[in-house]
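Good morning, colleagues. Please take a moment to look at the sequence and the model on the screen before I go through the details.

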Amino acid sequence: MIHYDLRCGAGHDFDSWFKDSEAFAAQSKAGFVECPVCGSKDVSKRLMAPAIPKKGRTRAKEAPAQPPAPVAAAPAAPPPPPIPAQMVAFLQRIRAEVEKSADYVGRDFAEEARKIHRGESERTAIYGEASDADAEALRDEGIEVARIPWVPLAD
Ligand SMILES: [Zn+2]
């Protein structure tokens, strides 16, 4: 399985899992990869910027705030495509495995991940919630994190 950060032609960011890069290419070409915000099929992999040391550099990253889109002109956003049953089962297995072997740290995730990275925590595996900005910051610091779609477990 491979995780891709994606962006549609209108600039909406989202992410999805694919069996491999060929699967993404094939599904994207066939129009099966759709923006969950606007339904656009013009979807491409988001370019990952190389990590840039933060010290002594101005942050050019922050784009000016976008004016809110006029509501009346915006088409109703379609619901996100359903996750195939096979994928749900796969994600349920991942979730069960994570819950079994890792400590839940909730919103302290980024902080705990740094402690582990610095050898200040005895934990080895954690899971919790982190914002995209947190996850990106951790990656910039060389700490590997994975975002897992958290599916409800089967009864
Ligand atoms: Zn979109």
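I begin with the contacts, where contact means heavy atoms within 4.5 Å. Of the contacts in the protein with a separation of 6 or more, 49% are between residues 24 or more positions apart.

A word on the basis of these values. This is a predicted model, in which local features need pLDDT of at least 70 and side-chain atom pairs count only at pLDDT 80 or more, whereas totals for chains, interfaces and linings use all residues. Residues are numbered from 1 along each chain as its sequence is written, and side-chain values use heavy atoms, with hydrogens and water left out.

Let me turn to the overall architecture. The protein has 4 helices and 5 strands; helices (H or I, at least four residues) and strands (E, at least two) are DSSP runs, numbered from the N terminus. Along the sequence, the pattern reads β-β-α-β-α-β-α-β-α. Of the 155 residues, 25% are buried. Here, buried means under 20% relative accessible area, exposed over 50%, and partly exposed in between, with a 1.4 Å probe and protein chains only. The protein exposes about 11300 Å², and carbon and sulfur atoms supply 56% of that area; accessible areas come from the Shrake-Rupley method with a 1.4 Å probe, and for residues only the protein chains shown count as cover.

Next, the metal site. Which residues coordinate the zinc ion? They are Cys 8 through SG, His 12 through ND1, Cys 35 through SG and Cys 38 through SG, at 2.0 to 2.3 Å. Donors are N, O and S atoms within 2.8 Å of the metal (3.2 Å for Na, K and Ca); water is not among the atoms, so sites may look incomplete. The arrangement is tetrahedral because the 4 donor atoms subtend angles of 105 to 114° around the zinc ion; four donors count as tetrahedral if all angles lie between 85 and 135 degrees. The spacing of the donor residues in sequence is C-x3-H-x22-C-x2-C. Cys 8 belongs to strand S1 (residues 2-8), while Cys 38 sits in the loop between helix H1 (21-29) and strand S3 (43-45), so this pair ties together parts that are 30 residues apart in sequence.

The cysteines at this site can also be described by burial. Cys 8 is buried at 4% relative accessible area, and Cys 35 is buried at 1%. Cys 38, at 32%, counts as partly exposed. The structure holds 0 disulfides, a disulfide being a pair of cysteine sulfur atoms within 2.5 Å.

I move on to the aromatic residues. Rings of Phe, Tyr and Trp (its six-membered ring) pair if their centres lie within 6.5 Å; planes under 30 degrees apart count as stacked, over 60 as edge-to-face and the rest as tilted. The count comes to 5 aromatic pairs. One of them joins Phe 18 and Phe 24 edge-to-face, with 5.0 Å centre to centre and 80° between the planes. Both Phe 18 and Phe 24 are buried, and together with Tyr 4 they form one aromatic cluster.

Finally, two individual residues. Ser 28 lies in helix H1 and is buried at 19% relative accessible area. Leaving aside neighbours within four places in sequence, Ser 28 contacts Val 33 and Val 43. Val 151 is found in the segment after helix H4 (132-140) and is buried, with a relative accessible area of 5%. With neighbours within four places again set aside, the contacts of Val 151 are Ile 83, Val 88, Leu 91, Gln 92 and Arg 95.

Conventions. Four donors count as tetrahedral if all angles lie between 85 and 135 degrees; four count as square planar and six as octahedral if opposite donors are over 155 degrees apart and all others between 65 and 115; anything else is irregular.
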